[in-house]
Amino acid sequence: MPTWRVVLGTVLGILLLIVGGLIAGYLLVDIPPANAAAKAQSNVYLYSNGTELARDGDVNRENVSLSQIPRSVQRAVLAAEDRDFYSESAVDPLAMLRAGWNTLTGKGKQSGSTITQQYVKNYYLGQEQTVTRKAKEFFIAIKLDREVSKNDILEGYLNSSYYGRNAYGIQAAAQAYYGKNSEELTTAEGAYLATLLNAPSAYDVVARPENKPRALARWNYVLDGMVKKKWLSRSQQSAMKFPKPEPVKASAGLSGQRGYLVEAVKDYLTTNKILDEDTLRAGGYRITTTISKKRQNAFVDAVNTRLMDKLSDKRKVDSYVRAGGSSIDPETGRVVALYGGIDYAKQYVNGATRRDYQVGSTFKPIVFASAVQNDATTQDGVPITPHTIYDGTNKRMTVSNGSPTGFAPANEDDRSYGPITVTEATDKSVNAVYAQMGIDVGPTKVKNTAVDLGIPADTPSLASSQGAISLGTATPSVLNMTQVYATFANHGRQRPYTLVDKVSKSGDDLELPERPEGTAIARDAADTTTSILRSVVEGGTATAAQAAGRPAAGKTGTAEEDKAAWFAGYTPDLATVVAVLGQNPKSAAQEPLYGAAGLPRINGGGFPAEIWADYTAAALEGKPARDFDLELEPGAEEPPPTTSAPAPPEPTLEPPVPTVEPPTDFPTEPTEPPEPTFPTEEPTFPEPTEDFPTVGPEAQQQQYVGGDMQWNEWDGDG
């Protein structure tokens with residue numbers, strides 16, 4: 001054991017080293033001139049063939065004095081970032097140690113910085129996450145705090161911080177979000193701009209409407225901080241309404257599809273922690289994307305030809321029409337094309353990556369795949385295969401273990417189908433069948449399969465929809481759904497999608513994350529799903545997809561109240577999803593598309609399937625057509641013998657005509673069993689073109705009481 005003298009000497013020696021290091025650092029580190037971030041470089045984005053796609057990085061900044069920023073706005077920023085700024089020292093060693101520990105233990109990168117330190121980083125240093133930069137930041141902040149007033153530091157911080165929308169500084173942010181000068185900002189607006197400082201891309205409610213709940217929570221956090229510091233009364237806070245920002249004005253260099261592609265690539269880089277927002281914003285990167293210029297142009301041409309050219313300024317509903325699409329190579333996971341909208345400068349929200357529209361019946365194949373994956377059976381214990389018989393009666397109450405569940409969705413146009421196979425129910429998109437199938441499989445298992453196939457677990461409504469999950473009430477993005485269908489095309493094997501092939505700076509390549517291929521679902525589950533989706537294209541609601549001229553599989557879908565129409569389809573070589581969405585250009589509210597393009601309604605078998613066919617034909621031009629190589633689940637090849645229900649009859653208007661004249665003295669048994677017929681009074685309906693989920697906040701409920709049980713049946717168009 002060391003003696004007390006040795007212990008004391010060691011402790012004193014360490015303290016002397018620390019003190020000496022601090023003194024040396026303070027003496028050696030000078031306050032440098034403004035850094036190059038104030039004149040940031042551009043990032044260059046390239047197509048997969050190396051030709052230039054776009055550039056960004058032109059700095060939008062206009063410095064203002066602190067007197068031009070309302071006191072309430074200054075305080076909102078302090079409430080968000082550093083509430084004790086005026087009373088604390090320039091650095092907070094404990095916060096820095098805590099942030100460093102959280103970073104080391106995998107809880108995410110945290111700055112632990114005061115406003116003074118953030119200003120030093122923004123204005124004098126850079127955004128790189130290194131020990132050297134952090135040490136310099138520490139010493140410069142201490143010197144700056146001794147030599148410059150708190151007001152000057154706050155002014156510099158407000159003018160150097162990034163607020164999103166390419167806005168550097170509070171004046172540029174005021175113009176970008178509210179179209180006014182900084183001195184005209186209200187307290188509520190200032191609180192929202194302060195919210196953006198934490199992570200601009202995470203809180204822009206216009207660019208990403210699904211961010212609104214998160215942004216509202218952060219906005220209220222800022223206002224609560226102002227109340228706690230007595231800068232705002234509780235009654236003033238209660239009277240405030242969230243100040244909705246103005247639409248985004250994109251730079252001319254990012255017009256057309258370029259802005260959508262750049263924003264999607266940026267989001268991919270930051271989400272996958274290849275680069276953080278601050279580092280990427282500093283610029284100087286050369287980013288080669290996976291986007292094929294030929295296929296991207298083909299997607300734009302298909303949308304314009306099949307949809308946009310048919311819209312008219314004379315129809316108000318036509319102004320609501322938006323579109324989104326994406327295309328993935330199933331074997332590599334590379335996103336080869338992505339359609340965000342008509343023009344990034346006119347419609348800022350990316351139709352391919354937004355997550356706020358129901359996917360409708362394009363979700364149903366996930367339910368069937370989950371059934372096969374989990375060896376699910378009907379309530380009678382019959383294995384679920386393409387030939388399993390279900391009751392397709394309209395508004396049929398779903399049942400679980402002999403008891404009603406309270407969930408009885410309507411079919412499209414309230415049509416009843418009676419006994420019907422799973423394949424036919426998929427062709428006709430029968431809600432009653434898939435609602436019961438979802439109960440048979442189990443909503444939790446369906447959700448788990450969806451996540452395994454590529455739908456993010458945090459997708460809005462995915463966890464909360466329960467029984468209605470089978471009808472597509474969740475709101476994954478077009479890109480998410482393309483990942484799902486690419487996995488079907490790749491026989492259940494999945495390679496996570498990527499938008500980036502290469503990232504370099506000053507000639508050095510950055511290391512990209514591994515994307516190992518894994519098994520999302522078993523091959524028989526994926527291939528059997530493909531078999532029923534081929535039937536949808538061959539004779540169901542998606543016959544328009546046949547125009548691609550290749551073996552194809554897919555599924556149509558329509559959101560509640562026809563606010564969105566989808567087609568998700570694939571060949572063995574390419575998976576592509578197209579959505580036509582309804583959004584009010586002024587209020588940003590989702591709108592029904594009844595009457596758009598002069599049609600009574602828009603469904604997935606119309607414009608989306610037609611766009612898909614045109615794009616797929618052009619994208620695969622010159623490539624030999626391949627058929628699907630399928631390995632099906634047991635019982636999927638041929639219909640098994642029926643034990644619990646008769647096979648569904650094929651409708652006919654006339655009795656079958658025998659080919660051989662029977663004798664007149666006695667009836668002759670036919671050599672083949674006759675085709676069963678429906679009763680003559682049963683009318684024959686044309687095949688539906690689409691369906692839509694009917695569960696929603698506007699639905700009416702009808703209550704039933706029986707024995708000791710009580711339940712509700714969903715009814716209506718809600």
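Ring pairs join Tyr 177, Tyr 178, Tyr 192, Trp 219 and Phe 242 into a cluster; rings of Phe, Tyr and Trp (its six-membered ring) pair if their centres lie within 6.5 Å. The model is predicted: local features need pLDDT of at least 70, side-chain atom pairs count only at pLDDT 80 or more, and totals for chains, interfaces and linings use all residues. Residues are numbered from 1 along each chain as its sequence is written, and side-chain values use heavy atoms, with hydrogens and water left out.

The whole structure holds 15 aromatic pairs. One of them, Tyr 192 with Phe 242, is edge-to-face, at 5.4 Å centre to centre and 85° between the planes; planes under 30 degrees apart count as stacked, over 60 as edge-to-face and the rest as tilted. Tyr 192 lies in helix α8 and Phe 242 in the loop between α11 (234–239) and α12 (258–271), so the pair ties together parts 50 residues apart in sequence. Helices (H or I, at least four residues) and strands (E, at least two) are DSSP runs, numbered from the N terminus.

The axes of helix α7 (residues 170–178) and helix α8 (residues 187–196) come within 11 Å and cross at roughly 110°. Axes are lines fitted to C-alpha atoms, for helices over the stretch in contact, and angles run from 0 to 180 degrees between N-to-C directions. On the α7 side the contact (heavy atoms within 4.5 Å) is made by Ile 170, Ala 173, Ala 174, Tyr 177 and Tyr 178, and on the α8 side by Glu 189, Tyr 192, Leu 193 and Leu 196.

| Residue | Relative accessible area |
|---|---|
| Tyr 192 | 0% |
| Phe 242 | 18% |
| Gln 347 | 15% |

Gln 347 sits in the loop between β7 (335–339) and α15 (364–373). Apart from neighbours within four places in sequence, Gln 347 is in contact with Tyr 260, Val 321, Arg 322, Gly 341 and Ile 342.

For the chain as a whole, there are 21 helices and 20 strands, and buried residues make up 51% of the 718 residues. Of the contacts between residues at least 6 apart in sequence, 71% join residues at least 24 apart.

Terms used. Buried means under 20% relative accessible area, exposed over 50%, partly exposed in between (1.4 Å probe, protein chains only).
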